Amino acid sequence: MVDGRGANVAFLEQLHVRRLIFAALIFVGAVAGCAAPTDLSAISKYATTTAQSADSFAALAADYLASCQRYHAIFQGIIETSAAPQTASFVTTNPQLEAFLLPRESPQPGYTTPPGIPVPQPMASGSLGPQPAGSDSCADPRTISLAWREANAAVLGYVQALGSLAGVDAAPTPNPSPLVAGLAAVGVSSAATSAISDLIVKIGSYFELRARDREINTFLAAVNPYMPVAIGALEQTDASYTILLESEYNLAIAKYNGYARIEMQSLSSKNGAQTARQLLRTRSTVEAYLASVNQKLRASADYGQAVETILTTHQQLYEASQSSASFADYLKVIQTTGEPVVTDLLDLAKAVK
Amino acid sequence: MPDQASTAVAQNLENIAGAIGDVLGDASIALTADQTTTLENAVASLTSCANQIANQSAMAALNAAQKDLDAITQATSSANAAAQKLKQQATRLNSLLALVGDALSLGAAIISGDLPGAIGDAAKVAADASGQGN
């Protein structure tokens with residue numbers, strides 16, 4: 001039996017293996033240029049960081065409503081902060097107004113839309129619109145907050161899907177081991193099995209990559225007509241959010257300074273020290289509050305930058321897809337244009353904490 | 001006119017409110033209680049007006065983009081399905097390689113005389129491949 005097997009092995013080796021190796025080497029050479037790029041970290045970082053920003057985006061959208069609620073509280077004279085106000089002592093019997101007023105420093109720059117974003121069309125009936133009189137004073141911001149969250153989810157979903165198609169959720173690569181084991185079992189030499197193994201991986205990868213590039217092209221073309229208006233809406237909403245935050249900032253300072261002025265005018269020698277201590281505590285609370293608004297303005301600016309970069313990256317990917325781009329071209333776009341969004345998003349994550 | 005230009009108007013209102021706030025915060029400017037209250041109210045009115053413009057602008061933008069956002073969501077759904085299909089194709093290719101490999105092993109076993117064990121292995125691989133293929 002052993003002799004029979006040996007004869008079979010010799011037969012295979014002589015008749016087929018050399019030709020097989022030769023064909024394998026030619027094909028491997030032909031498709032080598034289409035093999036997957038080894039460094040997928042840029043795309044992975046772009047897609048995963050953007051996907052992980054869902055919480056930051058959601059926090060910002062939720063704060064649109066919260067900003068309205070804080071504004072109305074300030075209007076009623078209530079300024080709250082989660083930060084512990086500093087304690088201060090007052091050591092003069094002749095307090096001056098200057099010691100208590102808050103000089104108005106410009107708030108942190110928020111986000112303003114760049115020129116050229118699409119102008120929204122008039123609202124259709126039955127869609128988002130001003131709330132009827134007499135309803136909740138934050139009804140419109142509540143509606144906007146929910147719509148902004150949904151819009152964020154749509155854009156983040158796009159980036160995530162792009163990451164999935166690009167192979168961030170690694171698809172199994174062709175595994176030739178079972179076949180190689182089978183070949184080895186029938187006595188094919190290790191040189192031949194190695195060549196066949198390479199051939200299988202290359203052929204499999206070649207067709208997988210072609211299919212992947214085709215799907216990416218299809219996806220980019222499908223979303224391309226809608227991205228500018230969608231991102232434009234996010235930018236416009238963010239610019240409005242910046243206005244709301246600035247309103248909070250301006251009203252809080254005006255309310256506090258007005259309060260401090262009137263309190264100081266009614267100061268008497270009897271209640272002077274007590275009033276002064278109270279003013280110092282209040283001033284400290286307002287300062288902490290203004291710092292938190294500034295942090296939100298930073299977040300607003302970071303968010304605006306991030307969505308602008310998502311649009312720019314998309315547009316470059318789309319342009320690449322129109323010129324028969326390969327996966328390597330997509331990778332290049334992500335590395336040059338998409339990377340900055342990661343920085344913006346990481347800044348945003350810090351700012352919304 | 002809820003658009004980009006109206007956001008600029010709202011921004012200007014905020015700037016005016018800020019300037020009035022500067023007066024309130026300047027201790028060198030003496031103000032009566034009535035003047036103080038008037039300025040406070042002016043800031044409140046301006047900021048409230050700016051907020052309303054900003055809200056209308058945001059609502060109009062989100063409303064105008066609704067169809068575009070829906071189209072993106074739909075395309076995303078298709079892309080996710082395509083990504084899933086690509087993974088399944090890769091898995092099926094591996095199953096096929098396993099089947100071919102097993103067939104070769106079976107051939108080798110026939111030659112070497114270890115037929116029962118090879119048939120058992122082949123049946124297992126075929127069953128696995130069939131399951132993955134579905």
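In the predicted model, a patch of positive charge on the surface is formed by Arg210(A), Arg214(A), Lys85(B) and Arg92(B). Two elements each give two or more residues to this positive patch, namely helix H6 (190–223) of chain A and helix H3 (66–112) of chain B. Lys85(B) is placed in helix H3 of chain B.

The contact between the two chains involves 87 residues of chain A and 67 residues of chain B. The size of an interface is often given as the accessible area lost when the parts come together. For chain A and chain B, the buried area is about 6,100 Å². Carbon and sulfur atoms give 69% of this area. Across the interface of chain A and chain B, 1 salt bridge is found. A salt bridge also joins the side chains of Lys255(A) and Glu40(B), with an N to O distance of 3.6 Å; the two residues belong to chain A and chain B, respectively.

Over all chains, a search of the whole structure returns 5 salt bridges. One of the salt bridges pairs the side chains of Arg70(A) and Glu248(A), at 2.8 Å from N to O. This pair connects distant parts of the chain, the two residues being 178 residues apart. Arg70(A) lies in helix H3 (residues 54–75) of chain A, whereas Glu248(A) lies in helix H7 (residues 227–265) of chain A.

When residues up to four places away in sequence are not counted, Val180(A) touches Thr193(A) and Ser197(A). The C-alpha atom of Val180(A) is separated by 7.8 Å from that of Ser194(A), and these two residues are 14 residues apart along the chain.

Definitions and conventions:
Residues numbered from 1 in each chain as written. Chains lettered and ligands numbered in written order. Predicted model: local features only at pLDDT ≥ 70, side-chain atom pairs only at ≥ 80, totals over all residues. Heavy atoms only, no water. Patch = residues over 30% accessible without salt bridge, like charges linked within 9 Å, V, L, I, M, F, W, Y side chains within 5 Å. Areas by Shrake-Rupley, 256 points an atom, 1.4 Å probe, with all protein chains shown as cover. Salt bridge = Lys/Arg side-chain N within 4 Å of Asp/Glu carboxyl O. Lys, Arg positive; Asp, Glu negative; His and termini not counted. Charge placed at Lys NZ, Arg CZ, Asp CG, Glu CD. Helix = DSSP H or I, 4+ residues; strand = E, 2+ residues; numbered from the N terminus. Contact = heavy atoms within 4.5 Å. Buried area = accessible area lost by both parts, 1.4 Å probe.
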